[in-house]
Amino acid sequence: MRKLEEVLQDWEAVIGLEVHAELTTLETKMFCGCKLEFGAAPNTHTCPVCLGLPGALPVPNKAAIESIVLAGLATNCDIEKHSMFYRKNYMYPDMSKNFQTTQGPVAFCMRGHLDLDVDGPAAKERITAAGLAEGDCDGNATRTADGYTAHVGITRIHMEEDAGKMVHVGGSEGRIAGATHSLVDYNRCGTPLIELVTEPDLRTPEEARLFMQKLRQIYLAIGISDCSMEEGSLRCDGNVSLRRRGDSKLGVKTELKNMNSFKNLHDGLAYEICRQAEVLEEGGQIYQETRHWDPTSKRTIVMRVKETADDYRLFPEPDLAPYDLTDEWIDQVRAKLPELPDQKAARFARDFGLSAYDARHLVESRATARFFEACMELAGEDAGALAKPVANLVINDVTAHLNAHADFDLEDSPLTPARAVALVRLVAEDAISSKQGKEVFAAVLEEGKDPADVVKERGMEQVSDAGAIEAVVDAVLAANPDKVAQYQGGKTGLIGFFVGQCMKEMRGQGNPKVINELLVKKLG
């Protein structure tokens with residue numbers, strides 16, 4: 001099977017996402033008063049309504065409807081004033097009433113969009129973007145200085161109830177294949193769930209991953225869900241088809257079901273693109289089917305032939321009246337919108353002179369955004385000068401530590417904003433080198449000490465006195481006349497050797513910037 005970058009030279013992937021988010025910040029289910037609680041003992045939060053017992057009547061959760069309208073406003077959707085619920089019929093044990101209450105053709109939120117800033121290695125997957133000049137467009141992508149911006153349409157965000165949880169016993173990895181029997185936990189049944197459906201505007205697995213990450217940031221910012229992919233409160237289905245580059249006709253799509261991590265979403269789509277290309281290039285046929293991504297074997301597996309809308313026999317829910325939302329109520333919800341990630345990034349760039357790239361990466365998580373903002377408040381009048389080095393510390397060192405330690409809580413760690421600012425000041429004032437700064441950063445996390453104390457205890461104070469450094473430089477040059485001759489003969493790469501020798505003589509405490517300047521001056 002060819003690699004993704006090779007396949008994308010000949011084929012264009014057309015990707016659409018269906019993102020499901022449980023409204024976990026609510027206290028009760030969508031149509032009954034049962035408590036929402038992850039990890040509770042099986043079947044302890046159920047009632048006749050969420051079990052669908054005869055004669056039980058649903059009562060809608062007003063807070064859930066407010067949450068979906070918030071989600072729609074935050075993703076540039078039109079809010080439909082008139083909508084209703086339908087019954088989506090299917091026979092499976094995870095929904096005891098054998099139908100799911102969901103919205104029909106008209107959802108609460110319609111016709112939205114998000115803009116994705118794609119840069120760095122992620123931008124390489126859209127191979128057509130590389131040949132564009134800044135400001136030029138290729139379909140929904142506009143070239144930027146660092147990569148490109150992709151405009152991704154949102155078809156709808158609709159409300160539905162979640163199904164129960166199936167537990168397969170006796171099979172491998174908890175899957176139904178090979179299981180001896182299955183158990184059902186109906187605690188999750190009836191949990192308010194919103195589903196966002198994109199237009200088929202995504203063209204690469206990286207764009208799909210970035211869309212999912214951005215949507216998670218938005219949902220966390222507006223406070224409607226904890227967005228825990230590990231616990232299943234945020235999950236994604238990916239639809240993908242291929243067509244030859246230059247063709248406009250869509251190919252047959254397959255659906256990857258329940259991607260529960262950003263990596264799985266990317267890797268599953270990448271594999272499926274390569275698999276479809278191989279089938280088509282060998283003269284085979286792609287079937288519309290639902291597939292499962294197995295991260296262990298790193299391949300997709302057929303689950304079932306894809307159903308059509310007719311299979312669900314949708315009809316209006318007779319036990320729920322249609323909804324009529326007023327402009328006044330929608331405006332009241334709009335007033336509750338907090339500062340969204342894109343707005344925060346724009347403010348960071350405007351107020352602190354950061355690049356769009358740095359500002360965007362600072363707001364990738366609420367923890368790093370809050371940490372940076374706290375640092376800027378402490379920096380006071382020096383905020384403008386320290387913004388870039390603080391941003392570098394957060395984006396590079398702090399983020400790397402967060403990624404490497406899943407249980408690391410930045411807000412409750414030894415690295416306080418005050419210590420971060422103090423560390424950045426030490427480097428900016430040439431008290432320590434940038435390399436020593438990384439050592440101090442690690443020591444602060446491990447020992448819980450202030451940066452100044454770490455520097456003092458380890459004897460890391462950097463010598464910047466030009467007179468003291470000049471004496472060392474002269475001695476190093478005198479001890480290496482052959483290297484001096486080679487440098488002056490054009491082998492300028494030897495400057496690194498001389499700097500290293502000077503640092504060795506000064507036991508790592510010489511200011512490399514001053515050393516370098518003196519060497520260049522004396523070597524002519």
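Helix axes here are lines fitted to C-alpha atoms over the stretch in contact, and angles run from 0 to 180 degrees between N-to-C directions. Helices (H or I, at least four residues) and strands (E, at least two) are DSSP runs, numbered from the N terminus. This is a predicted model, in which local features need pLDDT of at least 70 and side-chain atom pairs count only at pLDDT 80 or more, while totals for chains, interfaces and linings use all residues. Residues are numbered from 1 along each chain as its sequence is written, and side-chain values use heavy atoms, with hydrogens and water left out.

**Overall chain**
- The chain holds 16 helices and 18 strands.
- Along the principal axes, its C-alpha atoms fill a box of roughly 95 × 55 × 50 Å.
- Of its 524 residues, 48% count as buried, where buried means under 20% relative accessible area, exposed over 50%, and partly exposed in between (1.4 Å probe, protein chains only).
- Among contacts (heavy atoms within 4.5 Å) with a separation of 6 or more, 70% come from residues 24 or more positions apart.

**Packing of H9 and H10**
- Helix H9 (residues 383-404) packs with helix H10 (residues 417-428) at an angle of about 115°, and their axes are 10 Å apart.
- The two helices, H9 and H10, are therefore roughly perpendicular; angles under 35 degrees count as roughly parallel, over 145 as roughly antiparallel, 65 to 115 as roughly perpendicular and the rest as oblique.
- H9 and H10 cross in a right-handed sense, meaning that the near helix is turned clockwise from the far one by less than a right angle.
- H9 contributes Leu386, Pro389, Val390 and Leu393 to the contact, and H10 contributes Ala420, Val421, Leu423, Val424, Arg425 and Ala428.
- By class, this contact of H9 with H10 has nine nonpolar, no polar and one charged residues; Ala, Val, Leu, Ile, Met, Phe, Trp, Tyr, Cys and Pro count as nonpolar, Asp, Glu, Lys and Arg as charged, and the others, Gly among them, as polar.

**Cysteines**
- With a disulfide taken as a pair of cysteine sulfur atoms within 2.5 Å, the count is zero.
- The closest cysteine sulfur to that of Cys189 is in Cys50, at 6.0 Å, which is too far for a bond.
- Cys189 is buried, at 0% relative accessible area, and Cys375 is buried with a value of 0%.

- Asn76, not a glycine, has a positive phi of about 65°.
- Asn76 sits in the loop between helix H2 (62-74) and strand E2 (78-79), and is partly exposed at 39% relative accessibility.
- Arg111, also not a glycine, has a positive phi of about 55°.
- Arg111 belongs to strand E6 (residues 109-119) and is partly exposed, with a relative accessible area of 46%.
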